[in-house]
Amino acid sequence: MSSKSAGLAKKLGYTNVKIYLQGVPGWKKAGQSVVASDAFIQKGNIILVDLRSEKESAAGHIARTVNIPYDELEDYLDDFDSKAPVVIYGDNAKGARKELAQAGIKGVSLIDGGLQGYQARGGKLVSGEPATEIEWVRKLGKGEVSSEEFLVVAEEGSATQVVLDVRGAEETVGGTFSNVITIPLDNLEARMAELPKDKEMLVHCTTGARAEMAHTVLKKAGFKSRFLVGDLSCEGGDCTVE
Amino acid sequence: MKKIKVLRLVAFLVFAGFLAGGCVGNTGSGTQSAAAPTSAVEKKDANVYKGKVAGVSNKAKSISMVVGKDLVMVKFDDDTKGMDHAKKGEAAIVHFEVRGADKFATVVKPKLAKLPAGVTEIQSEEMIGLVALGPEKGGFFLVDSRPAGRFAAGHVPSSVSIPVGAMVAKGAELLPADKDTLLVFHCGGPT
């Protein structure tokens with residue numbers, strides 16, 4: 001999209017217009033940090049980490065902070081959800097970003113100008129003991145169904161909803177849910193006549209990738225559907241969702 | 001009045017591109033229709049899909065793509081080259097061959113943006129140097145064209161959020177008054 005905007009700027013009479021084609025991914029690849037907006041730090045569904053010592057953090061930190069002193073970061077790496085946006089601050093933020101990236105946690109941002117910059121822009125701190133455990137819950141994306149809602153329909157049935165299993169035939173050997181239609185994703189378009197027009201379909205596979213693709217196909221064809229993102233495993237006829 | 005027409009066309013194309021999401025760009029010259037229907041594409045070259053990757057399933061060995069207004073599916077196998085470029089949300093060009101009832105991708109290539117006339121490219125090293133100087137000393141204005149939500153989550157320090165929609169609606173108001181200021185645009189990748 002940057003080329004569109006640059007073209008518009010050129011048309012508006014700007015003489016010196018450039019494009020950084022690699023964009024934000026290229027910037028990160030070059031070892032550089034990105035910064036989060038203050039409103040996102042205050043309200044976003046993030047893991048906000050203060051890397052300073054317990055004492056410094058207790059004296060004044062941003063609300064919703066989890067205090068993980070930098071030298072203890074290694075012990076906490078497993079507690080980060082790789083899908084969670086993470087904002088870190090304190091000395092060593094750049095080093096911590098690299099450490100997190102190496103552990104597969106890539107959505108890490110810093111605070112512009114650090115804590116000092118944040119305060120200079122009017123950002124408030126709170127004192128007292130900050131949290132020391134990471135607690136983060138992913139919010140459902142567009143078109144997603146929660147595993148709780150999904151399981152009620154899958155196990156108990158519903159007059160208005162039905163589960164659609166789009167896994168391949170060899171994958172359903174281990175079991176399926178009870179209230180379910182099974183059509184592998186490959187055959188979905190050919191077998192649309194078998195689908196109910198009056199019920200919402202809750203689509204699942206084993207992770208969510210194929211379910212989302214099926215959801216897109218169904219939506220286009222005028223069906224009502226949502227999809228499940230979660231790890232599914234079936235054994236001895238019973239399936240569980242994580 | 002010709003100028004207004006041209007601007008409207010550009011606005012439409014930008015909007016059409018915007019619907020495709022993220023950083024997807026066509027030529028920017030306004031000569032290529034971003035919303036070409038699939039049928040036309042298929043007539044031109046039956047074995048190429050150009051569009052945004054909607055999803056990749058490794059289990060079903062299938063890529064789904066939005067081409068024009070249609071959603072299409074292409075299978076892939078171990079012989080498919082360039083699967084690194086088949087990433088959800090990114091624009092790609094997929095060459096395929098038909099085997100029986102299925103289409104199999106042979107090569108996946110990234111769909112790279114072309115630079116509009118008079119616009120040059122800047123590399124990471126130069127960017128790092130500029131950002132280190134800051135907008136005042138460096139004499140630049142850095143624009144992030146991605147949607148505002150993605151900017152909020154993480155952006156290049158000193159960049160300013162002007163999503164493409166805002167740029168179309170009120171570009172001149174949002175850019176510096178001095179038309180000789182170095183403007184650097186970027187978004188979420190090279191496509």
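This note sets out numbered points on the predicted model shown above.

1. Basis of the note. The model is predicted, so local features are reported at pLDDT of at least 70 and side-chain atom pairs at pLDDT 80 or more, while totals for chains, interfaces and linings use all residues. Residues are numbered from 1 along each chain as its sequence is written, chains are lettered from A and ligands numbered from 1 in the order in which they are written, and side-chain values use heavy atoms, with hydrogens and water left out.

2. Overall form of chain A. Nine helices and 13 strands make up the secondary structure listed for chain A; these are DSSP runs numbered from the N terminus, helices being H or I of at least four residues and strands E of at least two. Chain A is more spread out than a compact globule, because its radius of gyration is 23 Å, well over the 18 Å that the globule rule gives for 242 residues. That radius is taken over C-alpha atoms, and the rule is 2.2 Å times the number of residues to the power 0.38. Along the principal axes, the C-alpha atoms of chain A fill a box of roughly 60 × 55 × 30 Å.

3. Burial, contacts and surface. In chain A, 48% of the 242 residues count as buried (buried is under 20% relative accessible area, exposed over 50%, partly exposed in between, with a 1.4 Å probe and protein chains only). Of the contacts in chain A between residues at least 6 apart in sequence, 58% join residues at least 24 apart, a contact being heavy atoms within 4.5 Å. The accessible surface of chain A is about 11,700 Å², and carbon and sulfur atoms account for 48% of that area; areas come from the Shrake-Rupley method with a 1.4 Å probe, and for residues only the protein chains shown count as cover.

4. Cysteines. The search of the whole structure gives one disulfide over all chains (a pair of cysteine sulfur atoms within 2.5 Å). Cys234(A) and Cys239(A) form this kind of link, with an S to S distance of 2.0 Å, and the link is right-handed, with 105° about the S-S bond. Cys205(A) takes part in no disulfide, and the nearest cysteine sulfur, that of Cys234(A), is 11 Å away. Cys239(A) is buried, with 9% relative accessibility, and Cys205(A) is also buried, at 3%.

5. Backbone angles. Most residues other than glycine have a negative phi. Arg64(A), which is not a glycine, has a positive phi of about 80°; Arg64(A) sits in the loop between α4 (54–59) and β4 (65–67) of chain A and is partly exposed at 42% relative accessible area. Lys61(B), not a glycine either, has a positive phi of about 50°. The loop that holds Lys61(B) runs between β1 (48–57) and β2 (62–67) of chain B, and Lys61(B) is partly exposed at 32%.

6. Helix α1 of chain A. This helix, residues 2–11, is mostly covered, with eight of its 10 residues buried. The buried residues include Ser2(A), Lys4(A) and Leu8(A).

7. Asp165(A). Strand β8 (residues 161–165) of chain A contains Asp165(A), which is buried at 0% relative accessibility. Leaving aside residues up to four places away in sequence, Asp165(A) touches several residues, among them Thr172(A), Thr176(A), Val180(A) and His204(A).
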